Amino acid sequence: MGRISQAFSRLSSRERTLVTLMVGALFVGIVAVVYVIFQGKISTLEENIAAEQEALRKVYAATPAYLEAKERFAATRSQAVNNAGLNLTTAVAEIADKIVFEAVDPRTGPLGKKHIKEFLDFKSPKEKQVGPKKKATGKKVSVAGYYQRDQEITVKENIPFESFYELLEKIEESGDMLFVTDMRIERNRLDPERAGQGKIVVSTFYWQGEKGE
C-alpha cells in the first residue's frame, strides 16, 4: 500500500487527476454491474413471489368448491358401497307397485285400477365393469372398483303416458341411485295417450374396492 502511495505522489498533478478519475470510473462500473445483477435477482424473486401469491389465491378461492366436491364424492362412494348388495329388480318393482292407474282394454273396455308393476316384465340383471379394466386371474376387473348393474324391463301396452312418466321420475328420484339409461317406447295405435310396447333399462352403480385393496 506504501509503494502505491509513493508512486502516486511522484505523479504530476495532471496524472494524479487522470488516475483518480479512472479509479472512480472503475468503482462506479463495478457498483453498476453489481446493481444490475442484484436487480435482476430481485426482479426474479418478486415475480416468483407474485406467482406463488396468485397460486395461493386460486387455491383459497377453489377451496369451498373442492371441499363440496370432496363431500359429494364421499357421499356417492358411500352409496355405491351400499348398492353392492342392492336387488335392482326388487327396487324397481317396489317403485312400480306404488303407481296405480285406470287400465283399459281397447277391445273389452275398462279393467279397473291396476299397478304399473303388472305391466312390466323383468329380465335377469346384467353387470359390467365401469372405467379402466385390468385382467386378473383370467377375468377382467374394474381398476377403479366401480361396476354397473342393468335391469332390462319389457313394457306392456296401455299404460297412460302420464303414469309412465311418473314411474320414470320416481326411479330417478330414488335414494338407491337408480338411473334410466335406455328407453324405447311406442305410442299405442288405438289410443295416443297411452304407451304401446317397448322397453326401458334401469341401471345402478356399485363399488367393491379398487384393485389391490
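## Talking through a predicted fold

Buried residues make up 26% of the 213 residues in the protein chain, and the model is a predicted one.

Biologist: Let's start with the layout. In what order do the elements of the protein chain run from the N terminus on?

Modeller: The chain has four helices and nine strands. Reading from the N terminus, the order is α-α-α-β-β-β-β-β-β-β-α-β-β.

Biologist: What share of the contacts with a separation of 6 or more comes from residues 24 or more positions apart?

Modeller: We're counting contacts in the protein chain with a separation of 6 or more. Among these, residues 24 or more positions apart account for 64%.

Biologist: On to helix H4. How far apart are its end C-alpha atoms, given its 12 residues?

Modeller: H4 covers residues 161–172, and at 1.5 Å a residue it should span 16 Å. The model agrees with that, since the end C-alpha atoms are separated by 17 Å.

Biologist: Within what arc do the buried residues of H4 fall, seen down its axis?

Modeller: The buried residues in H4 are Phe-161, Ser-163, Phe-164, Leu-167, Leu-168 and Ile-171. Looking down the helix axis, they line one face of H4, because they fall within an arc of 165°. As background, an α-helix has 3.6 residues a turn, so residues three or four places apart point the same way. For H4 itself, the arc to remember is 165°.

Biologist: Which helix and which strands do those buried residues pack against?

Modeller: The helix partner is H3 (88–96). The strand partners are E1 (100–105), E3 (120–122), E7 (146–155), E8 (178–187) and E9 (195–207).

Biologist: Are Asp-121 and Lys-156 buried, partly exposed or exposed?

Modeller: Buried would need under 20% relative accessible area, and exposed over 50%. Asp-121 has 38% and Lys-156 has 35%. Because those values lie in between, Asp-121 counts as partly exposed, and Lys-156 is likewise partly exposed.

Biologist: Lys-199 also forms a salt bridge. Which residues are linked with Lys-199 in a network?

Modeller: Lys-199 pairs with Glu-152, with their closest N and O atoms 4.0 Å apart. Lys-199 belongs to strand E9 and Glu-152 to strand E7, so this pair ties together parts 47 residues apart in sequence. Lys-199 is partly exposed at 22%. The residues linked with Lys-199 in the network of salt bridges are Glu-152 and Lys-123.

Biologist: What is the relative accessible area of Arg-184, the partner of Asp-182 in a salt bridge?

Modeller: The side chains of Asp-182 and Arg-184 meet at 3.8 Å, N to O. Asp-182 is partly exposed, at 25% relative accessibility. Arg-184 is exposed, and its relative accessible area is 55%.

Biologist: Something on the backbone: what is phi of Asn-158, and what is phi of Met-177?

Modeller: Asn-158 lies in the loop between E7 and H4 and is buried, at 12%. Met-177 is in the loop between H4 and E8, and counts as buried at 16%. Each has a positive phi in a residue other than glycine. For Asn-158 the value is near 80°, and for Met-177 phi is near 60°.

Key
Residues are numbered from 1 along each chain as its sequence is written. This is a predicted model: local features need pLDDT of at least 70, side-chain atom pairs count only at pLDDT 80 or more; totals for chains, interfaces and linings use all residues. Side-chain values use heavy atoms; hydrogens and water are left out. Helices (H or I, at least four residues) and strands (E, at least two) are DSSP runs, numbered from the N terminus. The expected span of a helix is 1.5 Å times one less than its number of residues. Buried means under 20% relative accessible area, exposed over 50%, partly exposed in between (1.4 Å probe, protein chains only). The arc is that of the directions from the helix axis to the C-beta atoms. Contact means heavy atoms within 4.5 Å.
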